[in-house]
Amino acid sequence: MSITAQLRDSVRLPGGDALVNGFALEGHGDRPPRALLQNGHELEVYDLYEVFAGERAPIAVFGLPWPGWEHGVHSVSPDGSFAVFSGQRAVRAVSAGGETLWEYRHGCWGPEIGHTHTGDEQEVCRGLEHGSSRVSGDARLVWAHVVVEPEEQDWQECWVVLDARNGRELARLPLDSAASGSHHLSHPDGIHMGLCIGMGQDGILLHWARWDGEKLIGWDLNEGMDRILMDVHAGLPGFLTVEHYGADLELHALDGAVLARGVPEPADDDPLCWDYGCGFVNADTVIASTVESDEDPERARHWLLDSRSLEIRGTVAYPTGPVDSYVRPLGDGTWLTYDGGSETLNRWSEAAS
C-alpha cells in the first residue's frame, strides 16, 4: 500500500543533515523541538518550528569550549540559559553569555590507555571516541557518560548524575563498556533517562535509570540484546529500538520486555534492513527507512508502521519523487528529511485522505 506524503514546510538550512543523521535534534517534554547545530566554533540553538516559520536567528549561541574537539553529544537547558558540552576530558557547563559555570573533570577518551598529555592540559588527543551529556527536563540534573580519572582505577566508563547548578557528582553507575560513542534519550515522563552506548563491531549497550533524589536506580537491558535506542513518545509506555544490523524494530516496555516486533518487507525478493533513522511520527505511527540496504536511490523507501503492533501500513509516496534521505520524526504527526544537494530541510506529514 502506498501512503501519500504532504510537504508541510521547507527551509534551506546548511548543516541540517545532523538533524536526520545525527544527534542535533533535542526535545524536552512538550516544548518545541530544538536544532543544535555547530557553525564553526559555535553551537547555535534554534527553535525548529520558528525556523520553518522564517526565523533565521538562533535563540542562543554558545562558544565551543575546546579548540580541535569536534566529538561528543552536547545538550542545552530547556530555557536556553546554559549548555553542557561533552568533551574529551571534561563535561563543562557554559552560560549563554559565554561564562564557564562549572567543569566536571574525568579521564581521557583518547584510545591510548595511560598515555601522557603534553602541553596545554586541554590539548585534544587523537581518537574519535566520545561520551555524551543530557540536561534533564526540569534543568536540575545533568546526566553524562564519562571515563573515570586514571588515578582512581584502570579504564572504567561510568554514567554519572551531576547537579546542574554546580557540577557536583550526585551518583555514578559503573559500566561494562568500551565506547566508540554514546547518546542519551529523555523519557517524556521527566523521570527516566536512557543511555545507548555504541561499541562498533562489539555491539550496543542499552541502559535506563532514574534519580530518586537520593540514589541512582539503574538497569541494563543487555542480556541477549544488541539494539540501538531510537525513540520514545509521551502517548506510549516504553521505547523503540532497532537491531544493531537493522534486522528488526522492537517496541519495549520500560523494563525491556518486547511488546511488538517489525521486520522490513523484501523488495523483489531481495532482503532489506532497517536504517538507524526511525521513530514515532505520533502515538499511532512509526516511520522507518530502508535507504541503506537498497543500492538504487530510485528505490529508496520510507515505511509507516502501526506504533503498537509494528505491522507495516505501507510505503510513503512523496509528491516530489523518491526521497533517499534518512528520516527523523518529531512526534507531532510530522517527520523530517534532508536534501544534501540543496541543503534543504523538509517537514512532511500524511496527506489528508
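Strands here are DSSP runs of at least two residues, labelled E and numbered from the N terminus. The model is predicted.

**Stop one: a loop residue.** Select Ala139. It sits in the loop between strand E10 (132-135) and strand E11 (141-147). Most residues other than glycine have a negative phi. Is Ala139 buried, partly exposed or exposed? Ala139 counts as partly exposed, because its relative accessibility is 25%.

**Stop two: another positive phi.** Go to Glu343, in the loop between strand E27 (335-339) and strand E28 (344-350). Phi of Glu343 is about 55 degrees, although Glu343 is not a glycine. Glu343 has 25% relative accessibility, so it counts as partly exposed.

**Stop three: the largest core.** Select Phe239, Leu249, Leu305 and Leu310. These have the most contacts inside the largest nonpolar core, a set of 27 residues. Now colour the strands that each supply at least two residues of this core: E16 (204-211), E18 (227-231), E19 (239-243), E20 (249-252), E22 (278-280), E23 (285-289) and E24 (302-306). In soluble globular proteins, nonpolar side chains tend to be buried together.

**Stop four: around Leu305.** Which residues does Leu305 touch, leaving aside those up to four places away in sequence? Show Leu249, Trp274, Asp284, Thr285, Val286, Ala288, Leu310, Glu311, Ile312 and Arg313.

**Last stop: a second core.** Select Val147, Leu205, Ala209 and Leu216. They are among the 17 residues of a second, separate core.

Methods
Residues are numbered from 1 along each chain as its sequence is written. This is a predicted model: local features need pLDDT of at least 70, side-chain atom pairs count only at pLDDT 80 or more; totals for chains, interfaces and linings use all residues. Side-chain values use heavy atoms; hydrogens and water are left out. A nonpolar core is a set of buried Ala, Val, Leu, Ile, Met, Phe, Trp, Tyr and Cys residues joined through side-chain atoms within 4.5 Å. Buried means under 20% relative accessible area, exposed over 50%, partly exposed in between (1.4 Å probe, protein chains only). Helices (H or I, at least four residues) and strands (E, at least two) are DSSP runs, numbered from the N terminus. Contact means heavy atoms within 4.5 Å.
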